Amino acid sequence: MADTTDIKKGFKMLLDGAPYSVVESQFVKPGKGQAFVRTRLKNMISGNVIERTFKSGEKIDKAECEEREMQYLYPEGDDYVFMDTQTYDQMRISGEFLGDNAYYLLDNTNVDVMLFEGRPIGITPPTFVNLEVIETEPGFKGDTSGNTTKSAKLSTGLMVQVPLFVEQGETLKIDTRTGEYVERVKG
Amino acid sequence: MSVTPRYPIEIARRLRPPAPAKVAGRVVTTDAARVLLRDVTGELWVEVAAGATPPTPGVWLVAEGTFDGSALIDATCRFANVPRVPFPRPGGEWLWFQGGRLERLKKRATMVRALREHFDRCAFLEVETPAMVPSPGLDLHLDAFPIAGAEPARWLITSPEYQMKRILAGGAPRIYQICRAFRRGEVGERHEPEFTMLEWYRAFAGPDEVMRDTEHAAAHAAQAVLGGSTVIPARTAPVDLAPPWDRITVAEAFARYANIDVEALLASGPPEEAEETFFRVLALQVEPQLGRFRPVFVTDWPASMASLAQLDPRNPKVAQRFEAYVDGVELCNGFGELIDPVEQRTRLERDQAARAAKSLPVYPIDEGFLGALEEGLPPCAGNALGVDRLVMLTLGAASIEDVVAIPSRRL
């Protein structure tokens, strides 16, 4: 059992059977009155964000979530197969929990898998991944200003906006938090 | 060998260059043979004389050379101290204080001086009372820090109220204090477990006079750091602190901002639940809308929520309690003070029972305080104002942590 003093950004709690992560919290207390903790909570399965206000001191259930490092092995139907890097146990994760993160899975990439009551509910890929451009319009060598962009399709199927000078076959560094192009990778 | 007289840099800056000068400070960055030094007057480039060891960032340096109007050139350097870790240390003190915090602390000091100036000018006596007391107050929603090992039992004050009222009984008709108050479990954007409180009492006065004190003191403090202006940036939109501030009763505020009849609300259901609803509506719906563009005093609080205040003689359902709000932030809490010792003891006993019923620590009744009431207090009113919050709003800071040197979370 936890209480409202444990609430801070990133704290994981159980509400109506679902795990929620604290996005934002604010301690509010009117003059000499009852204190409250105002929160914005993200449902860790659906991704929905809700607002909830707790009475200060109220008991809350901690969500038993665990993050484990796993290596991505291969896709299998709509699922993706991972291996726990410590126990070598294999785990199948449904594509629906991965969302856009599936675009960042390269063979043998290590990711953090979030488990809720032993079941996988999502993954955190490395912050940056390098992906190859498999399709884009020909580049314009002269334009290096980077002010205009074009679309490029990357090896995992991810579509990104890139500067005009990017060529097919080049490798790009992508920020997995935003899904955006960062820079070209030499070699 | 002759020794050239060297002028301190603040004087050399006022002389016709070139001037022999001396400067002491910390090296911020380096660029070839030049180092950028931060000293009491600001920043200055120092060109190290040929052949000397150039200092690295973080070194506390004493440099002597020639001030050419923009930089100190041909300087000989003495290393006064050298950091033992790479500079600047991530999360270290230099980065913590240099990001604008020292500037804010200077303004804070100026504001505190202006507050003192205001009360001194109005013939208030500045007092200091103990921080460790036999009873920290019995408010249902204030928790105190007990002092381990104290014999007899002591707590840190949640406000200096009891002790200041003893001074009133002792014959000082106008007193003020700027001290630390300590409240357990309060930490957030607008709360620190220890914070600076300005508390004052005025004899032969009621809430109106003390509200006027509040307006003038706050406006004067803001003017001291805003070049004479009373318009502060606050949080969401600027607020003009120029007196007079608006007045609204609790009932009016609930009706206007939450469309709720507060009397009906408090009469609905068990008192404890009704009060919780009251505070929920107050904190989430009413407060955020109070004091936008102009500060507002919220007056006439329900009688049950002001244990140390006098009831309104015209309407005993409400107490002579007021709070000022600036852009949704509560700035102070004041009372027309209760001076009847019998009524006061009854209320404190009732507060003790309420705390016991909620399984909260029950603090003793402060007999020194009640003794003072029995001996007789002049009729008076008083107020307690959160200095950190006033500074925060005046400087447009987002959090109380931005206007204190070292917040509790950084200890």
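Guide: What follows is a short tour, from overall layout to helices, salt bridges and surface.

Visitor: What should I know before reading any values?
Guide: This is a predicted model, in which local features need pLDDT of at least 70 and side-chain atom pairs count only at pLDDT 80 or more, while totals for chains, interfaces and linings use all residues. Residues are numbered from 1 along each chain as its sequence is written, chains are lettered from A and ligands numbered from 1 in the order in which they are written, and side-chain values use heavy atoms, with hydrogens and water left out.

Visitor: How many helices and strands does chain B have?
Guide: Helices (H or I, at least four residues) and strands (E, at least two) are DSSP runs, numbered from the N terminus. For chain B that gives eleven helices and 19 strands. Its C-alpha atoms fill a box of roughly 85 × 50 × 40 Å along the principal axes.

Visitor: And what share of chain B is buried?
Guide: Buried means under 20% relative accessible area, exposed over 50%, and partly exposed in between, with a 1.4 Å probe and protein chains only. Of the 411 residues in chain B, 49% count as buried. B:A234, in the loop between β12 (231-232) and β13 (239-240) of chain B, is buried because its relative accessible area is 3%. B:A80 sits in strand β6 (residues 71-81) of chain B, and at 48% B:A80 is partly exposed.

Visitor: Which residues of helix α4(B) are buried?
Guide: Helix α4 (residues 161-169) of chain B is mostly covered, with seven of its nine residues buried. They are B:E161, B:Y162, B:Q163, B:M164, B:K165, B:L168 and B:A169. As background, residues three or four places apart point the same way because an α-helix has 3.6 residues a turn. Just after α4(B), B:G171 takes a positive phi of about 110°.

Visitor: How do I read the packing of two helices?
Guide: Axes are lines fitted to C-alpha atoms, for helices over the stretch in contact, and angles run from 0 to 180 degrees between N-to-C directions. Angles under 35 degrees count as roughly parallel, over 145 as roughly antiparallel, 65 to 115 as roughly perpendicular and the rest as oblique. The axes of α4(B) and helix α10 (residues 367-375) of chain B come within 9 Å and cross at roughly 30°, so α4(B) and α10(B) are roughly parallel. Helices α3 (residues 101-121) and α5 (residues 207-225) of chain B pack at about 140°, with axes 8 Å apart, and α3(B) and α5(B) are therefore oblique.

Visitor: Which hand does each crossing have, left or right?
Guide: A crossing is left-handed if the near helix is turned anticlockwise from the far one by less than a right angle, and right-handed if clockwise. The α4(B) and α10(B) crossing is left-handed, whereas that of α3(B) and α5(B) is right-handed.

Visitor: What does the salt bridge of B:R410 and B:E93 link?
Guide: The N to O distance in this pair is 3.0 Å. The bridge links distant parts of the chain: B:R410 in the segment after α11 (387-395) of chain B, and B:E93 in helix α2 (residues 93-98) of chain B, 317 residues apart. B:R410 is partly exposed at 24%, and B:E93 is partly exposed at 39%. There is also a salt-bridge network that links A:K55, B:E276 and B:R280.

Definitions and conventions:
Salt bridge = Lys/Arg side-chain N within 4 Å of Asp/Glu carboxyl O.
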